[in-house]
There are 2 protein chains.
Amino acid sequence: MRRSIVNDPEDLVPEALEGLMLSHPLMLDLHEEHRFITRRRPATDKVGLVSGGGSGHEPLHAGFVGTGMLDVAVAGAVFASPTALQVLEATKAADAGRGVVQIVKNYTGDVLNFRIAGEISGDDAVETEMVLVDDDLATDTGVADGPGRRGTAATVIVEKLCGAAAEAGASLQEVAAIGRRAAGRARTMSLALSAGTHPGDSEPQFTLEDDEVELGVGIHGERGRDRVPFRDADGLTELLLEPLRAELALHRGDEVLAIVNGLGGTYPLELNVVARSLHHHLADAGVSIARSLVGSFVTSLDMHGISITLMPLDDEQARLWDAPVRTPALTW
Amino acid sequence: MRRSIVNDPEDLVPEALEGLMLSHPLMLDLHEEHRFITRRRPATDKVGLVSGGGSGHEPLHAGFVGTGMLDVAVAGAVFASPTALQVLEATKAADAGRGVVQIVKNYTGDVLNFRIAGEISGDDAVETEMVLVDDDLATDTGVADGPGRRGTAATVIVEKLCGAAAEAGASLQEVAAIGRRAAGRARTMSLALSAGTHPGDSEPQFTLEDDEVELGVGIHGERGRDRVPFRDADGLTELLLEPLRAELALHRGDEVLAIVNGLGGTYPLELNVVARSLHHHLADAGVSIARSLVGSFVTSLDMHGISITLMPLDDEQARLWDAPVRTPALTW
């Protein structure tokens with residue numbers, strides 16, 4: 001069983017947000033009532049960027065608030081959407097007069113609450129555009145009127161590129177278009193060796209046999225699309241890479257942005273071994289990793305697993321990716 | 001049981017180092033034979049800084065190689081010192097003609113191998129100074145000829161302050177003095193709710209009952225000095241803080257640098273709750289956290305636990321702490 005370092009689990013999210021803010025006193029501010037984090041010095045004369053969703057995926061989203069990335073991140077309870085009222089207040093807080101792009105992972109509750117907030121904020125003369133992130137290839141059923149693919153680690157790419165564009169003075173429509181283009185090109189595959197455990201619970205969300213791997217797992221502990229035999233790091237990397245390579249139709253000479261993401265309980269030695277394997281696998285196919293992130297950026301509590309996100313990278317995207325960023329979880 | 005995302009466990013460290021290097025191609029280079037990471041562009045005309053030790057504590061040490069921090073980090077096997085030959089080659093690689101400060105955590109094997117390397121490197125006209133980090137208050141037995149306190153998370157402070165001083169042109173003796181002063185003032189206390197599991201093993205290094213906490217645990221899974229009853233985050237924070245406050249004789253009006261460090265399996269929600277609690281506890285005592293780091297910087301594989309490091313901060317140290325740094329794991 002896992003025990004959690006928490007006080008009353010009901011207070012976990014507000015206490016953690018307060019802790020994050022206190023640890024970055026020059027960078028972040030906290031709106032206690034509606035549980036959103038803003039930049040300490042709000043930006044002026046730029047398109048605002050708001051994101052958010054359920055907690056338990058840290059450092060996403062509040063860890064990406066700061067110059068060059070988000071203006072506001074709003075937090076629901078663990079694995080639960082923030083309310084429409086929270087999102088409304090967060091969206092209004094993100095507005096500096098040039099409109100707000102909402103970056104939303106594709107989950108029913110999040111999409112609904114951000115949409116309602118976007119509509120209502122129009123009454124306050126805040127113009128909004130929503131960018132939906134739906135990168136999780138495991139949930140690509142091809143059904144036109146289904147819920148669609150889930151949003152996972154590509155959110156970091158979308159937040160970074162939109163953040164750079166907004167900082168550089170792009171218009172509301174331009175920032176949204178950059179986000180949609182990134183979301184349209186980035187795909188992710190995930191696997192887990194063990195599930196996360198909710199704060200306050202003692203048992204993980206699901207259990208696997210010793211020789212099983214959950215392939216296509218979601219960041220809320222959603223079950224995968226397959227259970228496959230356990231294998232070594234090179235083999236696990238290939239399991240994730242193969243469907244991505246096919247879906248993205250990667251060819252010799254292509255350059256990609258890659259995220260090797262830990263799901264919470266994966267340690268850096270493991271992530272770096274997977275990063276190495278990914279580099280070699282792609283190099284063998286003539287594809288080069290032009291930019292990458294390796295770390296735990298979009299997590300699922302303490303789930304032991306990894307995800308790989310790939311996006312073919314063009315020059316404009318590389319320029320936006322390279323632009324300065326200064327947030328708790330991403331700085332260059 | 002925990003399964004690991006590895007290939008052959010024998011290859012884990014070199015593969016992980018290669019993965020780290022491939023993920024930071026503009027920043028890092030890898031010396032394969034002697035398993036050390038250097039800056040891609042070696043610095044010139046400054047004191048060199050080398051650190052290292054057993055693996056399994058990532059991002060320590062290789063994650064702190066870069067401008068404003070280390071020049072070279074050398075890696076042993078998991079929880080095992082690098083050899084004297086490795087350290088010798090790493091020390092020589094760190095030299096740019098003005099001598100090398102070796103930053104060494106206080107463990108018998110590390111101290112021995114760095115000392116031998118320091119002596120032999122003198123034959124190659126490389127002048128060295130060793131800074132010993134021994135911050136772990138749980139191992140402060142007061143015995144004069146014992147092994148002394150272990151070195152843990154204060155290593156990050158020593159590496160950062162020495163790195164800034166070296167970058168600013170300080171002499172070998174000045175950099176070493178800054179490191180020794182920081183090591184002399186920083187203290188750490190750790191606790192674990194569960195132990196880490198060696199890559200390739202299936203069972204953790206030790207097990208606890210559901211109502212037990214290992215207080216004073218080491219970063220190699222060394223047993224603590226007490227087993228105490230489990231309690232909430234505020235209570236756990238107080239357990240760590242009380243002996244630190246007494247040892248450091250903190251008084252109303254003091255300013256400290258604080259590190260809230262996850263030991264590997266602790267997720268950000270938990271770390272941020274502890275950071276909040278630490279801020280409030282210290283504020284109640286009139287002590288303010290002038291600078292802080294919250295994250296998993298000095299780990300013990302996937303151990304679920306936390307450490308708190310405190311160091312009374314003076315103006316010179318604050319200035320060195322604030323100086324720019326650009327490494328995989330720390331950038332500002």
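The model is predicted.

The interface between the two chains involves 55 residues of chain B in contact with 55 residues of chain A. Together the chains bury about 4,700 Å² between them, and carbon and sulfur atoms account for 59% of that area. Polar interactions across the interface comprise 27 residue pairs in polar contact, counted where both residues have pLDDT 80 or more. On the side of chain B that touches chain A, at least two residues are supplied by each of α1 (12-23), α6 (233-248), α7 (268-284), β11 (288-295) and β12 (304-312) of chain B. The largest share of this side, 10 residues, comes from α7(B). By class, the residues of the side of chain B that touches chain A divide into 25 nonpolar, 15 polar and 15 charged.

Salt bridges were examined both between the chains and within them. Over all chains, the structure holds 43 salt bridges, and the count between chain B and chain A is 6. One salt bridge is formed by the side chains of Glu18(A) and Arg276(B), with an N to O distance of 2.7 Å. Another links the side chains of Lys92(A) and Glu89(A), with an N to O distance of 3.5 Å. Because Lys92(A) and Glu89(A) are 3 residues apart in helix α2 (residues 84-94) of chain A, about one helical turn separates them.

Within chain B, the packing of two helices was considered. The axes of helix α4 (residues 154-167) and helix α8 (residues 315-322) of chain B come within 8 Å and cross at roughly 85 degrees. Angles of 65 to 115 degrees count as roughly perpendicular; α4(B) and α8(B) are therefore roughly perpendicular to each other. The contact is made by Ile157(B), Lys160(B), Leu161(B), Ala164(B) and Ala165(B) in α4(B), which meet Gln317(B), Leu320(B) and Trp321(B) in α8(B). In terms of residue class, the contact of α4(B) with α8(B) has 6 nonpolar, 1 polar and 1 charged residues.

In chain B, the peptide bond from Glu58(B) to Pro59(B) is cis, with omega near 10 degrees. Pro59(B) lies in the loop between β3 (48-55) and β4 (72-78) of chain B. A cis peptide bond also joins Leu60(B) and His61(B), where omega is about -5 degrees. His61(B) is likewise found in the loop between β3 and β4 of chain B. In chain A, Ala125(A) has a positive phi of about 65 degrees, although this residue is not a glycine. Ala125(A) is placed in the loop between α3 (108-121) and β6 (128-133) of chain A.

Methods: Residues are numbered from 1 along each chain as its sequence is written. Chains are lettered from A and ligands numbered from 1 in the order in which they are written. This is a predicted model: local features need pLDDT of at least 70, side-chain atom pairs count only at pLDDT 80 or more; totals for chains, interfaces and linings use all residues. Side-chain values use heavy atoms; hydrogens and water are left out. Contact means heavy atoms within 4.5 Å. Buried area is the accessible area (1.4 Å probe) that two parts lose on being put together, summed over both. A salt bridge is a side-chain nitrogen of Lys or Arg within 4 Å of a carboxyl oxygen of Asp or Glu. A polar contact is a pair of N or O atoms within 3.5 Å; within protein, one must be able to donate a hydrogen and the other to accept it, and residues adjacent in sequence count only if both atoms are side-chain atoms. Helices (H or I, at least four residues) and strands (E, at least two) are DSSP runs, numbered from the N terminus. Ala, Val, Leu, Ile, Met, Phe, Trp, Tyr, Cys and Pro count as nonpolar, Asp, Glu, Lys and Arg as charged, and the others, Gly among them, as polar. Axes are lines fitted to C-alpha atoms, for helices over the stretch in contact, and angles run from 0 to 180 degrees between N-to-C directions. Angles under 35 degrees count as roughly parallel, over 145 as roughly antiparallel, 65 to 115 as roughly perpendicular and the rest as oblique.
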